[in-house]
Amino acid sequence: MRRYWLLLLIAVLAAVLLTASLLLWGVTRRGLPRTGGVIEAAVSAEVEIYRDTFGVPHIIARSVDDLFYAQGYVQAQDRLWQMDLLRRGVSGRLSAIFGEGYADTDRFSLTVGFYRAARAGYAALGPEAKAALEAYARGVNGYIEDNWGRLSPEFALCGYLPDPWEPVDSLAVGKYMAWYLGGNMAGELFFSALLEKVSEEKALELFPVSPETGSLMDPALREETVFSPGDIPALLHLSGLAAMGGLAVDLPGLGSNGWAVSGSKTRSGAALLANDIHLGLGIPSIWYENHLILEGEFNAAGVTFPGYPGVVAGFTGQIAWGMTNIGADVQDLFLIEFNPDNPHQYRYQDGWADATVLFEEFTVKGEAEPRRVEVIITRHGPVISIVAGLEKPLSLRWTGLEATLELEAVLGLLRAADWADFCAALEGYMAPAQYFVFADRRGNIGYRAAGYIPIRRGGSGLLPAEGSTGAFDWEGYIPWPELPQSYNPPEGIIVTANHNVAGGDYPYLISAEWTTPYRALGIWRELEGREALTLADMTRAQNSFYNTQAALLAPVLLKALAAADLTPPEEAAFNLLREWLHAPVEAPGAAGPLIYNALYLKMLEHTFASAMGEALYRRFLSSRGLHGSFDRILLEGRSAWLNGSGGGGAEPGAAMIAAAFRDAVAELAGKLGEDASRWRWGDLHTVTFRHQLGTRKLLERFVNRGPFPVGGSGNAPAGMAYPLAEPFGVTLGPAWRFSVDLADYSAAGILAGGSSGHPFSPHYDDQLALWLNGEYREMLFDPAALRKLGQKLVLRPRPR
């Protein structure tokens, strides 16, 4: 009898395990795309979709509508949950799936009005762009309908199903990217808080420098106090909301590298182009690679955003183009004075103006009734301060809230044959402001700034401006013919890396907070003075770990530390640092870059942390202008921030450097042991690719990848930037790298991750090893070669 019950128990357990295994197998297989065979779809003729060995889709269609239908279909196959998450982020619907913690983010998104701007943009588009959006949306919805019961597992884990995709959703995704790359609102809030926390003398030292005046300071707030120390938490909270719940984190190192080499300097005689776009490093990547062929019209390969049709950066049979963020100041905050007798009127010049009042709603997970948001819109944009509980009303003026036409530019680039066509297409590009780098088969190169950049009646845009007088209003945008551009410069090389490419004599204010030119100088170091350049030279430059900042600061650091009284362990670390600074390449296996980066952070801490206080100091560490301001202080060796840091007769700057070095060595010894010769940059400088659901303990091992040791930093061409407030884990870097030689369309590209957003797809992370090693995969371009690929899906017209 006992044997019977034992066997029965074993059988039951086996059945339970089998059932659980089948359920787990079913969940993990949910949403994996069908990449072979025939699917009946809403197309007019057969569409061929080939997948290469990395799962990248190559689409061959006979009509524009069918091409964009297929693009929507395959993007939904690979990235539907990511697409839905992005549109939720800008439509105020994150808290519906994630709960109360995202309520302020949703309120902020609805107040800013990303979808209101997207709808206005859709209304302004021409018929070709609208048709592309509509076809793309039909393709996304075709996939959803075909796979309603087996969408990717994130939908089941979050307990919801996606709404149909609308054409305006794609434009809203474009608004998200414009916000991510688009301005200095957070900078204005930081400077406002800084002025309330420290002396004006100290605050002004951190403002960007102007060659004409020595420093830039907006006069709007100089004569009277606008905020108070008690406003600092609300100012910083409002700044934090701009990150949109982690979807748009702004850190030093955000941006891209893009350059082109004239045919006169290449081995092939055609131009070379390279572009690596430095954004958040998550999984799946913010970029989606696809290849679009419209038979008889164009052949275009490259990347776009999940949820957006076309090719945003890539190449065709005639030209190649890449993009880097200008970093233009396209956001201004305005102080608003409301009528005490009418909360929907505000002062403007000599009277009271009526505000536009709207009501938006959003739902929080677990709540039966939606929450209501009152949105007040002035001539200076929506009043956003109320979301953070800031008593002083602030409105946001942002170019992205205009009815912009970027999609028309993206579609125009697909057919561009030369520089003239390229420029004509970009004239419709408005937000975010970008430098577009150009190359063609005939050896020509160029760059063209594109996008709305405001002309201000007064002020520098560094602080919230008085909104009632009209003295700081926008008067329009820099005229298209006068935006920075260059075509076939005599140097034969063009480099853009988010620095001031236009130069100091440019007549318009583009930005006061430029990225330091360290990455650009590192690229020039790889290319300048060389002839017969090849694709291999481009990819080598993209992966350079040379830190120009370290080379610039080396004399100051070495002088201070050579004169310091160091202990034997500190002396050993100093010798390693000194040796490394002779050739500051941030290899993951070297000790020098670890000591240098740790020292830099401790120098920041010794200089600013005490005076700023913890909250403001953490915000300062994410400031775009941090490196420029602090490096200037180090090089000059004198500053109000350094007063009192001297000791024993040492110069204040030298004393601070020595004290910071001692702290850095002690901290590293505590983490890695006393023997500095065994320290490695890659021990602490690692990258982990996190899925949006990867913060959940039960899921992290299934959806996250890493940590992996990496070299570089935000100051090296290869990127690999880490948040200074939470060193040294990399969060920003080249999410996409590609280089192309237009002589024979040979192109090399690599995604940080893979094509698929499905955690159990073989293409979820199959490009990671190559990316980590600085390697690439071939970007297939020839239709004949595509038709030899083994994986082929055909979309066939449904029977009528």
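This is a predicted model: local features need pLDDT of at least 70, side-chain atom pairs count only at pLDDT 80 or more; totals for chains, interfaces and linings use all residues.
Local features need pLDDT of at least 70 and side-chain atom pairs count only at pLDDT 80 or more, while totals for chains, interfaces and linings use all residues. Residues are numbered from 1 along each chain as its sequence is written, and side-chain values use heavy atoms, with hydrogens and water left out.

**View 1. Helix α21 and its packing partners.** Helices (H or I, at least four residues) and strands (E, at least two) are DSSP runs, numbered from the N terminus. The 21 residues of α21 (652-672) should span 30 Å at 1.5 Å a residue, and the end C-alpha atoms agree, sitting 30 Å apart; the expected span is 1.5 Å times one less than the number of residues. Buried means under 20% relative accessible area, exposed over 50%, partly exposed in between (1.4 Å probe, protein chains only). Among the buried residues of α21 are Met656, Phe661 and Leu668. The buried residues pack against α16, α17, α18, α20 and α22 (contact means heavy atoms within 4.5 Å). Just past the helix, Gly673 has a positive phi of about 100°.

**View 2. Strand β5 with β4 and β27.** Since 8 of its 9 residues are buried, β5 (272-280) is largely enclosed by the rest of the structure. Two strands pair if DSSP finds at least two bridges between them. Here, 7 bridges tie β5 to antiparallel β4, and 9 tie β5 to antiparallel β27. Follow Asp276: its bridge partners are Asn257 and, in β27, Arg737.

**View 3. Ser755 in a loop.** Ser755 lies between β28 and α24 and counts as buried at 1% relative accessibility. Setting aside neighbours within four places in sequence, its contacts include Phe54, Asp78, Tyr288 and His763.
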